[in-house]
Amino acid sequence: MTEMFEFIKECKEKVFSGIGITSSDVEILFSISDQHIGELALAANQITREFNGNKVDVEQLNNIKKNACSEDCTFCGQSAFFDTGIETYQLPTPEQVVIKASKAKNEGAESYCLVAAWREPSNKDFEKVCHIIQEINDKVGINVECSLGFLTIQQAKKLKELNVKRYNHNLETSRSKFSEICTTHTYDDRLKTLQIARSAGLELCTGGIIGLGETQKQRMELAIELSGLYPEEVTINILVPVPGTPLELQIKLENLEIIKMFSIIRFLLPESVIKISGGRETNLADSGKELLNSGANGIITSGYLTMGGNDSETDIKMIKNMGLEI
Ligand code: SAM
Ligand code: SF4
């Protein structure tokens, strides 16, 4: 048995005992060499099964407002700063959303997330979104989640009143990297909305994108920052370089680096849903099977905000073939 194997085992025992791992443990875990990543992933999988069983959280998205966003996030194909050729559309009618939410429910989705490409909702748009949520509640009955950018406390309370289960707002990257990927708002702006959502009683879903050109240390900073928020769900995207954005030529992350990130987040947040989000099909040859045995226990199915993905039948078959459940 190697020293690193023993160290991973000690960290796992700390998690099982409820003590949790320290920042210096996290630093050592991030420093492990490729040859030990299999051991790390196995331990992360054992933690997942102990705290979450075999269940995989399956979610579908609806990009209710597309493109022409006022913000300059360098990875995002929906920013008005970049010419990406992505079509723009405004809010759909409640009837249109209800049809898609019912389909998602029939296909086995646990939750349905309404996402909007804007900095924050105007009062008028917020009212329209509330109406859409009410209609989904009345006619479909699926967990509704939202990702609507910055929120005021009044808006967050209104979402809570409407039974929105979880609010998504991503930190995207580490604090030290953030000003390189966005200049139109700050890291603290993002943290503030998460605090507002939490204080209104909404569950939190937060995460980021890996593969933006961040260092391993910056990935570690993001993991630690996320764990300090105790989110019910962590959502990790793997960059999909969008033609026309400043990151269109970004080099792909190594598979082992991706496994390392998911595994360590599981050590930090044993009870949370850890979702493989955008970039699952494009970056992972196996559509995420290995990650679902390395700490992850959630996926987004049936496509993303501006691009397609596996259909739900394919994904649900994959989950069942792995001996996991939805
Ligand atoms: N505008 C709101 C916001 O920024 O919070 C709503 C959600 S935003 C459209 C959805 C999320 O998709 C982003 O927070 C980011 O993590 C992810 N995302 C956007 N572009 C991506 C890309 N090219 N590759 C991977 N993930 C991406
Ligand atoms: Fe706008 Fe959100 Fe895209 Fe940033 S990530 S440009 S805020 S839609």
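Biologist: What makes the space taken by ligand 2 a cavity and not a pocket?
Modeller: This is a predicted model, and in it the space taken by ligand 2 is the largest cavity. A cavity is a set of points where a 1.4 Å probe fits but cannot get out, whereas a pocket is an open set.

Biologist: Which residues surround ligand 2?
Modeller: Cys69, Glu71, Cys73, Phe75, Cys76, Ser79, Ala117 and Arg190 do. By class, that shell has five nonpolar, one polar and two charged residues.

Biologist: Why do two of the shell residues count as charged?
Modeller: Glu and Arg count as charged, and the shell holds Glu71 and Arg190, so these are the two charged ones.

Biologist: How much space lies in the largest pocket, and what lines it?
Modeller: About 290 Å³. Its lining has 18 residues, and Leu61, Asn62, Lys100, Ser302 and Tyr304 are the closest to the centre. Strand S1 (57-65) and helix H4 (94-106) each give two or more residues to that lining, with S1 providing the largest share, four residues. Sorted by class, the lining comes to seven nonpolar, seven polar and four charged.

Biologist: How do you know that S1 and S2 pair?
Modeller: Pairing takes at least two bridges, and S1 and S2 have six, in the parallel sense, so they count as paired. For one, Asn63 has Val115 in S2 as its bridge partner.

Notes
Residues are numbered from 1 along each chain as its sequence is written. Chains are lettered from A and ligands numbered from 1 in the order in which they are written. This is a predicted model: local features need pLDDT of at least 70, side-chain atom pairs count only at pLDDT 80 or more; totals for chains, interfaces and linings use all residues. Side-chain values use heavy atoms; hydrogens and water are left out. A residue is near a molecule or strand if one of its heavy atoms lies within 4 Å of it. On a 1 Å grid over the protein atoms alone, a cavity is a set of points where a 1.4 Å probe fits but cannot get out, and a pocket is an open set with protein on both sides within 12 Å along at least five of seven lines; lining residues have an atom within 4 Å of a point. A molecule sits in a cavity or pocket if more than half of its atoms lie within 2 Å of its grid points. Grid points are joined across faces, edges and corners, and a volume is the space filled by probe spheres set on the points.
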